[in-house]
Amino acid sequence: MFNHGRRRTRVGISLGLVLVFAAPLLGQFGPSFPLTHARLKNGLKVILSEDPSLPVVSVAVAYNVGSVHEPFGKAGLATIMENLMFRGSANVAPFQHFNFINRVGGELSASTSEDRTIFYQTVPSNQLALVLWLESDRMRSLEINEGAFERARMALLDDLLQKKSEPYYDSQLSFDQLIYSDFPHSHPVLGTEENARNLTVEDARNFYTGYYAPNNAVLCITGNFNKLSVSELVARYFETIPRGKDVSQSFEPPVYTRQPVIKTFQDVLASAPAFHLGFRIAPPFSNDFYTLSIVDYILFRGRSSRLTRRLLGRDNKIAYQAAGGIEKRKDRAIYRIFCVVNNMAMAERCQEAIFAELDRLKRTVLSEPDLVRTKTMFKRDYLERLSSSMERALFLCESFLSLRNFDDVPLELDKYMKVTANDIVGILNRYFTADNSIILNVKTK
Amino acid sequence: MKKIQLRFAVWVVLSGMSVFPQQERFRRSPPPPEPLQELKLPRIERAVLSNQLNVSIVTRENAPFSSLQLIVFAGESLSPNVPAGTATFVASLLGRGTLVRSVLDVEEFLDSIGGAFSISVGQDHILLTFHFMEEYLDPALGFLSQVLLQPNFTRTEIDYAKFTTTYDLVAKEKDPDFVSRRHLARMLFQNHPYEKFAFSSDAIKAWNQTSLADFFDRFYRPNNARIIFASSLSLNAATRKISQYLNLWQPRDLPPIALPPLKVPEKERICLVDVPQSRECMAYVGTVFPNPGNPERFDLAVLNQVLGGTPTSRLFMNLRESKAFANFAYSEAEFYRAGGLFLVRAKVRPEAIAPALQEIRKEIRTLTKEPVSSLEIEQAKSYLIFNFPLRIERYDEFSRRMADNQARNDGEEFWSRYYEQVMLVNADRVFATAQKLLGQPLILVIAGDKSVLSERLTDLETYDVFDAKGQFQYTVTKDKKGAAHEAR
């Protein structure tokens with residue numbers, strides 16, 4: 001069914017699976033690990049990556065759905081659904097998923113973001129069938145009743161209450177609305193209390209039916225598994241799950257006018273002034289995105305990065321806290337910086353320092369040692385994401401849902417490693433400019 | 001209509017109580033496991049270098065990273081009484097530049113090799129952890145040699161370390177988790193060298209160049225250290241490399257270290273530590289025990305798993321899932337040279353602190369009164385056995401585990417007989433351990449906003465109140481009519 005290595009096999013055809021492709025291509029810098037993938041008739045994408053070194057296997061099921069898919073007024077549904085997925089299905093009692101995994105020494109978790117909901121677990125390799133049984137049961141027959149829904153809603157309200165008590169959370173939401181502007185991208189993953197109270201069990205059922213279907217999901221198995229039996233198991237548990245309706249993954253293209261925006265927000269919980277600064281950048285995994293990722297490392301990754309030193313350097317520290325990075329929300333991306341400062345005058349000084357450092361980078365081509373150092377850090381973090389079967393499974397799910405062509409996975413690292421100093425200057429001039437900046441100054445009460 | 005409903009109900013019953021039609025038979029129950037595969041641990045080989053440095057080499061093929069752990073038996077218990085915290089002070093200065101590299105150079109260097117360098121300080125030892133991309137092996141080992149042979153203890157660095165450590169500690173003193181854990185350590189390790197670990201920000205003022213240089217010179221010696229090195233190199237190649245860079249590190253005679261055994265508290269004590277304006281509340285319950293031998297270690301591991309090792313253990317299921325009193329509730333055991341520490345740790349909703357404490361005590365008491373069922377024991381053992389390979393999957397986790405193992409002198413047999421030892425644990429042994437460990441007086445520490453918590457603790461007969469630094473404030477005692485009185 002699956003093509004392991006370069007050899008293709010026809011076993012899958014008899015099981016009703018459609019073999020799509022196997023990708024043993026390796027890039028110059030890329031990690032070398034076996035990778036095969038196929039798609040079942042019902043549209044479920046299946047990715048396998050074998051590593052026999054320890055008797056451990058990880059299974060991740062990622063649904064291509066997150067808060068961006070929530071209808072207006074229904075914010076919080078994606079998070080409620082994540083919770084409901086543990087509250088029982090046709091053959092698994094509420095919370096038994098935890099118990100089944102825990103009793104065999106396994107570990108599990110789940111996460112919901114703007115554009116994905118991922119469920120993942122690692123177990124001893126002899127328990128692979130158990131995990132596939134559990135995952136297939138909730139993909140096929142989740143039980144969404146009033147009681148379970150109410151408890152999931154209460155959990156969401158608790159999380160919201162907790163979030164609302166965090167300083168700068170409200171300012172972050174306000175900044176999101178400024179920089180993303182449309183409802184799907186700008187509303188928070190947890191939603192709002194008002195929306196959460198208005199959601200109904202029917203909303204949850206519709207959301208499940210619409211998005212938790214095999215054709216909107218990817219199943220990834222990594223680690224130690226039997227090559228022959230894994231395809232049989234996948235077919236057994238997932239093949240007969242009915243395909244769902246096709247899901248639209250396209251959104252209205254954004255219309256932004258390029259002009260600087262500076263606003264002020266009062267945060268009653270903040271103990272010190274702060275500011276959010278963002279630049280709208282190219283969409284995830286577009287051609288510019290590779291250089292943008294290296295720029296991120298130049299600016300804020302590692303202790304020697306430019307803005308870390310400029311803002312937090314031990315002899316010239318001008319911010320209490322400073323952090324920055326690329327934020328991806330489905331088809332949009334921004335470069336986001338957040339600084340906590342002593343007073344508003346220091347906020348201004350920090351912003352000047354950021355723009356001065358960006359100007360310096362635009363004027364001077366990055367030296368070869370600096371570029372090599374930056375790429376080494378990037379490569380380390382990239383390879384770290386493959387260090388365990390769980391991390392590899394998450395990496396592969398993420399790659400499948402993000403990349404235009406999943407077959408490019410082994411070549412991805414090369415694209416980052418081939419970024420040149422001139423590419424960096426070009427990107428900085430294109431995106432990191434005053435007229436593309438959005439600033440939200442946060443004042444204390 | 002009624003007939004139709006009845007038929008439907010009969011059909012539901014006949015089809016296995018499922019409302020999902022055409023369910024395949026195999027979906028009804030969990031599949032049996034495949035035969036368990038043998039766990040083959042990476043090869044571990046040992047060597048002693050000419051300067052008496054013990055080296056353990058773990059060879060993992062095709063790993064893009066190398067991971068080096070250096071244990072030095074220079075933990076906080078070896079700090080002088082004044083200034084307390086010297087071990088932490090020395091550790092915080094290592095890696096902040098060397099005689100030949102400034103702090104900025106070090107930062108750039110570490111980034112350039114894809115490196116991560118950190119030091120943690122324990123009661124008995126420090127653990128230096130150094131990960132880097134394997135292709136930079138030589139520069140990385142060269143840097144480690146500079147850290148150990150040419151540390152930079154200049155006044156500027158000392159002042160900066162004092163400033164940042166004070167700043168960090170003051171910030172941590174607003175965190176109920178840190179405050180309560182530190183207070184529990186103070187209560188349990190009173191008048192023992194381990195008490196020094198719980199130093200406060202006031203101790204930092206007394207840190208000085210002479211004491212830290214003395215401490216470093218005395219304890220940071222190869223014959224007082226061990227290295228665990230995981231990479232794709234063979235034993236010979238790895239020891240040759242390490243020897244090349246660390247052969248100038250000179251051994252020195254060390255006086256034997258005699259630590260008195262930890263003393264079990266004479267009576268139960270409840271402490272409320274005030275963290276003004278904190279929205280969170282932490283509850284710690286703990287006790288100490290003499291160092292267990294190998295079979296007892298495993299009994300304790302199973303007991304811990306039953307009580308609070310994971311989210312499916314009793315504490316979490318009761319306090320969070322059933323009663324919703326706590327955000328989490330776990331238990332854990334720590335092992336030191338002079339004994340062990342067993343504690344329960346729960347992040348409690350402040351308004352639920354009183355019933356949460358009752359439930360924690362009830363769970364502990366139950367274990368000392370009723371043996372755990374065989375089924376629950378087997379489930380706990382199953383978790384411990386099958387979870388083990390998951391814990392060593394990452395190259396850095398594996399070497400970290402090895403370092404812990406070596407720091408505690410667990411011996412060669414600990415891992416090779418791990419499965420066997422867990423399998424031998426039974427309900428009687430766990431019950432005996434629970435009675436011995438949890439039947440003794442416990443120390444309870446609650447940390448949070450006193451103004452909120454004291455209103456909820458009216459059922460307690462007596463408790464002591466402390467400020468966030470741990471200074472005693474007063475004792476609250478309830479009289480016969482139930483009114484609370486404060487006594488200083």
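In the predicted model, Glu398(A) and Arg116(A) form a salt bridge, with the closest N and O atoms 3.1 Å apart; a salt bridge is defined as a side-chain nitrogen of Lys or Arg within 4 Å of a carboxyl oxygen of Asp or Glu. Glu398(A) belongs to helix α15 (residues 389–402) of chain A, while Arg116(A) sits in the loop between β5 (107–112) and β6 (117–124) of chain A, so the pair ties together parts that are 282 residues apart in sequence. Helices (H or I, at least four residues) and strands (E, at least two) are DSSP runs numbered from the N terminus. Arg116(A) counts as buried, because its relative accessibility is 7%. Buried stands for under 20% relative accessible area, exposed for over 50%, and partly exposed for values in between (1.4 Å probe, protein chains only).

This is a predicted model, in which local features need pLDDT of at least 70 and side-chain atom pairs count only at pLDDT 80 or more, whereas totals for chains, interfaces and linings use all residues. Residues are numbered from 1 along each chain as its sequence is written, chains are lettered from A and ligands numbered from 1 in the order in which they are written, and side-chain values use heavy atoms, with hydrogens and water left out.

Over all chains, 66 salt bridges are found. One of them joins Glu202(A) to Arg205(A), with the closest N and O atoms 3.2 Å apart. Both residues lie in helix α9 (residues 201–211) of chain A, 3 residues apart, or about one turn of the helix. Glu202(A) is partly exposed at 40% relative accessibility, and Arg205(A) is partly exposed at 31%. In chain B, a salt bridge links the side chains of Asp177(B) and Arg345(B) at 3.1 Å, N to O. Asp177(B) is part of helix α6 (residues 176–188) and Arg345(B) of strand β10 (residues 339–348), so this pair ties together parts that are 168 residues apart in sequence.

The contact between the chains, with contact meaning heavy atoms within 4.5 Å, takes 57 residues from chain B and 57 residues from chain A. The area buried between them is about 4800 Å², of which carbon and sulfur atoms give 52%. Buried area is the accessible area (1.4 Å probe) that two parts lose on being put together, summed over both. On the chain B side, Arg27(B), Asp111(B) and Glu393(B) lose the most area to chain A, together 15% of what that side buries. Across this interface there are 8 salt bridges. Glu384(A) forms a salt bridge with Arg394(B), the closest N and O atoms being 2.5 Å apart. A network of salt bridges links residues of both chains, including Arg306(A), Glu357(A), Asp370(A), Glu107(B) and Glu108(B).

The structure holds 0 disulfides over all chains, a disulfide being a pair of cysteine sulfur atoms within 2.5 Å. For Cys339(A), the nearest cysteine sulfur is that of Cys350(A), 5.1 Å away. Cys339(A) is buried, with a relative accessible area of 0%. For Cys271(B), the nearest cysteine sulfur is that of Cys281(B), 14 Å away. Cys271(B) is also buried, at 0% relative accessible area.
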